[in-house]
Amino acid sequence: LVRGVEGYYHFGTDQRVLLLTGEEVHDPRRQPQANHMLIYGVEQELAPHAPHSQTLIEQVEAVEGSCYLAHPLEKSAPLFDEPAIPWVDWTVEGYTGIELWNYMSEFKSHLNSPLAALQAAFRPERFISGPFPQTLALWDQLLGEGRRVRIIGGADAHANRHSLGPISRVVFPYEYLFRCVNLHILTPRPFSGDLEHDKRLVLNALRDGNTFVGYDLPAPTRGFRFSAQGLNTHAIMGSWLRVGDGVTLQVACPQIAQSRLIHNGKVVLEESEGTHSTFIATRPGAYRVEVYLPYKGKPRGWIFSNPIFITN
């Protein structure tokens, strides 16, 4: 584990960033590589358990951390000798969720020729369009099986320099990547500026799935909300409530876009002319929202919510 770096970092006079650490655990002896796991909120070294995925998950759960299966359906880029690193052990149980959208994994999937690689490196916004459809389908399959699987998404930032013949470029600078695919969290109270207080808010949101994935390059996703109202109760993304006589699901987007409310893998409501929509849910299951926005000539994945789980 990396220690001694967590805390607030200040940039200029009016910007600060809270840096927290996690760990991507994998078995380096396994060939080909597979089963990378993202772990948060754990203060002990878990790498020795990497060869045994189920044991690793149980160790995370024992200390109330959260763990996500990283880039579960990743594709290779043979041109750059970049193998796929998927998740392959689907017998495991008890993990918090999966990484739905990994920016660099999607970028890697477009490197199928020298020309495509150059275009993607210099104009990535024309290639990046959303989570792999297969990953969305996998997630819906897991939800349909009754698993309360949450999602995260992010940059997988490395800022490495790559070369193709005489052309060399950093792919991609942190300042660029951190404006792209991000995980947005909802907290019950604002940050105080105290490291331990704010760290607990972040880790609780991660563990409980009170989050959504947003592609902030086309337009800011801040302000998106997906919530539910039942009899004398309510829920936000990642939470659950009982169906009772019906539950009102509410979607609010930062601007007009094409939103879809999905129940157990099937679209039950679409909205493309307003920023708000409601739906009366009378059946149990997992309800989630995905939103698409036109950008650079085609619809792009913009927002992907964690589910609200409705039970009998």
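**View 1. The surroundings of serine 259 in a predicted model.** Leaving aside residues up to four places away in sequence, serine 259 touches Cys253, Leu269, Glu270, Glu271, Ser277, Glu290 and Val291, where contact means heavy atoms within 4.5 Å. Serine 259 belongs to strand E16 (residues 258-263); helices (H or I, at least four residues) and strands (E, at least two) are DSSP runs, numbered from the N terminus. With a relative accessible area of 5%, serine 259 is buried, a word that stands for under 20% relative accessible area, while exposed means over 50% and partly exposed lies in between (1.4 Å probe, protein chains only). The model is predicted, so local features need pLDDT of at least 70 and side-chain atom pairs count only at pLDDT 80 or more, whereas totals for chains, interfaces and linings use all residues. Residues are numbered from 1 along each chain as its sequence is written, and side-chain values use heavy atoms, with hydrogens and water left out.

View 2. A search of the whole structure finds zero disulfides, a disulfide being a pair of cysteine sulfur atoms within 2.5 Å. The sulfur of cysteine 180 has its closest cysteine sulfur in cysteine 253, at 20 Å, which is too far for a bond. Cysteine 180 is buried, with a relative accessible area of 0%, and cysteine 253, at 8% relative accessibility, also counts as buried.

**View 3. An open sheet of four strands.** The strands follow the order E13-E12-E15-E18, and their pairing is antiparallel; two strands pair if DSSP finds at least two bridges between them. At the edges are strand E13 (233-236) and strand E18 (276-281), each of which pairs on one side only. Within the sheet, strand E15 (residues 247-252) is joined to E18 by six bridges, and leucine 249 has phenylalanine 279 in E18 as its bridge partner.

View 4. Helix H4 (residues 133-144) has twelve residues and reaches 16 Å from its first C-alpha to its last, close to the 16 Å expected at 1.5 Å a residue, the expected span being 1.5 Å times one less than the number of residues. Buried in H4 are Thr135, Leu136, Leu138, Trp139, Asp140, Leu142 and Leu143. The buried residues of H4 pack against several strands, including strand E6 (97-102), strand E7 (150-154) and E16. Just after H4, glycine 146 takes a positive phi of about 90°.

**View 5. Nonpolar cores.** A nonpolar core is a set of buried Ala, Val, Leu, Ile, Met, Phe, Trp, Tyr and Cys residues joined through side-chain atoms within 4.5 Å. The largest has 47 residues, and those with the most contacts inside it are Ile39, Tyr95 and Tyr103. H4 gives the most to this core, with five residues. Apart from this core lies another, of 25 residues, among them Val251, Ala281, Val289 and Leu293. Among the residues that tyrosine 103 touches, not counting those up to four places away in sequence, are Phe172, Cys180 and Tyr215.

**View 6. Strand E5 between its partners.** From strand E5 (residues 66-69), Ser66 and Tyr68 point one way and Cys67 and Leu69 the other way, and all are buried. Strand E4 (residues 37-40) and E5 pair in the antiparallel sense over four bridges, with isoleucine 39 standing opposite cysteine 67. E5 and E6, by contrast, pair in the parallel sense over two bridges, and here leucine 69 stands opposite isoleucine 98 in E6.
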